[in-house]
Amino acid sequence: MHVIPGRRPVAEALRAGRPLTELVVDRRRVDRLGDLPERAAGAGVAVRTVPVSELDELTGGVTHQGVAAVAARMPNAAVRDLTGDLVVVLDGITDPHNLGAIARTAEVAGAGGLVLPRRRSAHSSPAAEKTSAGALSWLPVVVVPNIAAGLAQLADAGFWSVGLDGAATSTVWDSELLGGRVAVVIGAEGSGLSRLVAERVDQLVAIPMLGHLASLNASTAAAVALFEVVRRRITA
């Protein structure tokens, strides 16, 4: 069982045609959900009204806004299934809120998918689904044994890899690789990219910073890099 909490994530799951088992609704807030229950019923999804305490328990304390969908877990994609010229690779992102925020940015930026390691990484969860605002219903997720192996698969599929590293001498503005078929690699907050991944990527780039703080959080750094890719493609 996989739980998708929140109005927008549920709406996007329905819009994406994601197979849902049931829609669980706080009986006190049915009238505030617009046409979500009707849309779910029209898609053949059972709608069940419950006390809010049951919804709280189902979502594990994640803010649900009075509604959650229950679904089968999305099957993982393979690198060969990824489309387009942009992929986002997450190296050691263990916070599900960061995963969800990066997934939302990646989907809006037109990325063809996310690549995650099997271990030492957040994966799809109620918190990630809620923070992604529905992006995880649209964005294929590839789970690889480790990121170095995933980068090798992406290279075989024609992707260059560019890793964000605050100590790099090149910047996101200078990188020629961001204009091509590229995998943007985001490291963990604090520790950044692991040593093996930093050695494996084709290029390390930094985001120039002018203030007193030394770094951005992972989701913000991802947004800067991904929309530099978007800017280049729009202006090309």
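Leucine 90 is in contact (heavy atoms within 4.5 Å) with Leu99, Ile102, Val115, Leu116, Pro117, Ile147 and Ile186, leaving aside its neighbours within four places in sequence. This is a predicted model: local features need pLDDT of at least 70, side-chain atom pairs count only at pLDDT 80 or more, and totals for chains, interfaces and linings use all residues. Residues are numbered from 1 along each chain as its sequence is written, and side-chain values use heavy atoms, with hydrogens and water left out. Helices (H or I, at least four residues) and strands (E, at least two) are DSSP runs, numbered from the N terminus.

**Nonpolar cores**

- A nonpolar core is a set of buried Ala, Val, Leu, Ile, Met, Phe, Trp, Tyr and Cys residues joined through side-chain atoms within 4.5 Å. Buried means under 20% relative accessible area, exposed over 50%, and partly exposed in between (1.4 Å probe, protein chains only).
- The largest nonpolar core has 35 residues, and Val88, Leu90, Ile102, Leu114, Leu164, Val184 and Ile186 touch the most other members.
- At least two residues of this core come from each of strand 5 (86-91), helix 4 (96-108), strand 6 (114-117), strand 8, strand 10 (182-187) and helix 8 (218-235).
- Helix 8 gives the largest share of this core, 7 residues.
- Another core lies apart from it, with 17 residues, among them Val142, Val144, Val197 and Val201.
- In soluble globular proteins, nonpolar side chains tend to be buried together.

- Strand 2 is mostly covered, with 6 of its 7 residues buried.
- Two strands pair if DSSP finds at least two bridges between them.
- Leucine 23 has alanine 69 of strand 4 as its bridge partner.
- Strand 2 also pairs with strand 3 (residues 46-50), in the parallel sense, over 5 bridges. Here glutamate 22 has alanine 46 of strand 3 as its bridge partner.
- Helix 1 (residues 7-15) has Pro9, Val10, Ala11, Glu12, Ala13 and Leu14 as its buried residues.
- The cover over those buried residues includes strand 1 (2-5), strand 2 (20-26), helix 2 (36-42), strand 4 (67-71) and helix 5 (126-132).

- Glutamine 65 is not a glycine, yet has a positive phi of about 55°. Glutamine 65 sits in the loop between helix 3 (52-58) and strand 4. Its relative accessibility is 30%, so glutamine 65 counts as partly exposed.
- Arginine 120 is not a glycine either, and has a positive phi of about 55°. Its place is in the loop between strand 6 and helix 5. Its relative accessibility is 71%, so arginine 120 counts as exposed.

**Pockets**

- On a 1 Å grid over the protein atoms alone, a cavity is a set of points where a 1.4 Å probe fits but cannot get out. A pocket is an open set with protein on both sides within 12 Å along at least five of seven lines, and lining residues have an atom within 4 Å of a point.
- Grid points are joined across faces, edges and corners, and a volume is the space filled by probe spheres set on the points.
- Ala, Val, Leu, Ile, Met, Phe, Trp, Tyr, Cys and Pro count as nonpolar, Asp, Glu, Lys and Arg as charged, and the others, Gly among them, as polar.
- The largest pocket holds about 440 Å³ of space. It is lined by 22 residues, and Leu164, Gly166, Gly192, Ser215 and Leu216 are the closest to its centre.
- The lining of the largest pocket has 13 nonpolar, 7 polar and 2 charged residues.
- The second largest pocket has a volume of about 370 Å³. Of its 18 lining residues, Asp91, Arg120, Asn146, Ile147 and Ser194 are the closest to its centre.
- Helix 7 gives the most to the lining of the second largest pocket, 3 residues.
- That lining divides into 8 nonpolar, 5 polar and 5 charged residues.

**Cavity**

- The whole structure has 1 cavity of 30 Å³ or more. About 40 Å³ of space lies in the largest cavity.
- The largest cavity is lined by Leu151, Leu154, Ala155, Phe159, Trp160, Ser161, Ala183, Arg200 and Asp202.
- Helix 6 supplies the largest share of this lining, 3 residues.
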